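Trainee: Please take me through this model, setting each value against the definition behind it.

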Amino acid sequence: GSLMFEPAEKLKLHLAWHRLAAPERTAPSALLSGSGKSRGDLLIAKAVYEVSRNLAGRLIWEYFRPGGFYRPGADPYHWVQFEMFFRF
């Protein structure tokens, strides 16, 4: 599911949640995989700010929480990206 809203004239926010699945289970391995079909949850938050007609910035944050498809104790991750766009 996702939400998109505009709390200010030049600011747009996007929130998305994805439940990730595997089509089939794999053989469990202590190093590589678990026995489940759930790959986990992915949350994405994106903010876009238009500085001017030609310049905009974007900040993206992702959080992934692994499911039972991965080995027990698999670490979640956070990823952040910042970009500036110049349009002409």
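**Values and their definitions**

Mentor: Of the contacts in the protein between residues at least 6 apart in sequence, 46% join residues at least 24 apart, where contact means heavy atoms within 4.5 Å. This is a predicted model, in which local features need pLDDT of at least 70 and side-chain atom pairs count only at pLDDT 80 or more, while totals for chains, interfaces and linings use all residues. Residues are numbered from 1 along each chain as its sequence is written, and side-chain values use heavy atoms, with hydrogens and water left out.

Trainee: How many helices and strands are there in the protein?

Mentor: The protein has zero helices and five strands, and along the sequence they give the pattern β-β-β-β-β. Both kinds of element are DSSP runs numbered from the N terminus, helices being H or I with at least four residues and strands E with at least two.

Trainee: What is the radius of gyration of the protein, and what would a compact globule of 88 residues have?

Mentor: The protein has 18 Å, whereas a compact globule of 88 residues would have a value near 12 Å; the radius is taken over C-alpha atoms, and the globule rule is 2.2 Å times the number of residues to the power 0.38. Along the principal axes, the C-alpha atoms fill a box of roughly 55 × 20 × 20 Å.

Trainee: Why is glycine 40 called buried?

Mentor: Buried means under 20% relative accessible area, exposed over 50% and partly exposed in between, with a 1.4 Å probe and protein chains only; glycine 40 has 1% and is therefore buried. Buried residues make up 20% of the 88 residues in the protein.

Trainee: Where is glycine 40 placed, and with which residues is glycine 40 in contact, leaving aside its neighbours within four places in sequence?

Mentor: Glycine 40 lies in strand 3, residues 38-50, and with those neighbours left aside it contacts His18, Arg19, Leu20, Phe64, Arg65, Pro66 and Gly67.

Trainee: In which sense do strand 2 and strand 3 pair, and over how many bridges?

Mentor: Strand 2 (residues 11-21) and strand 3 pair in the antiparallel sense over 11 bridges; two strands pair if DSSP finds at least two bridges between them, so the call follows from the definition.

Trainee: How many bridges join strand 3 to strand 4?

Mentor: Strand 3 and strand 4 (residues 55-66) run antiparallel, joined by 11 bridges, with valine 48 having arginine 58 in strand 4 as its bridge partner.
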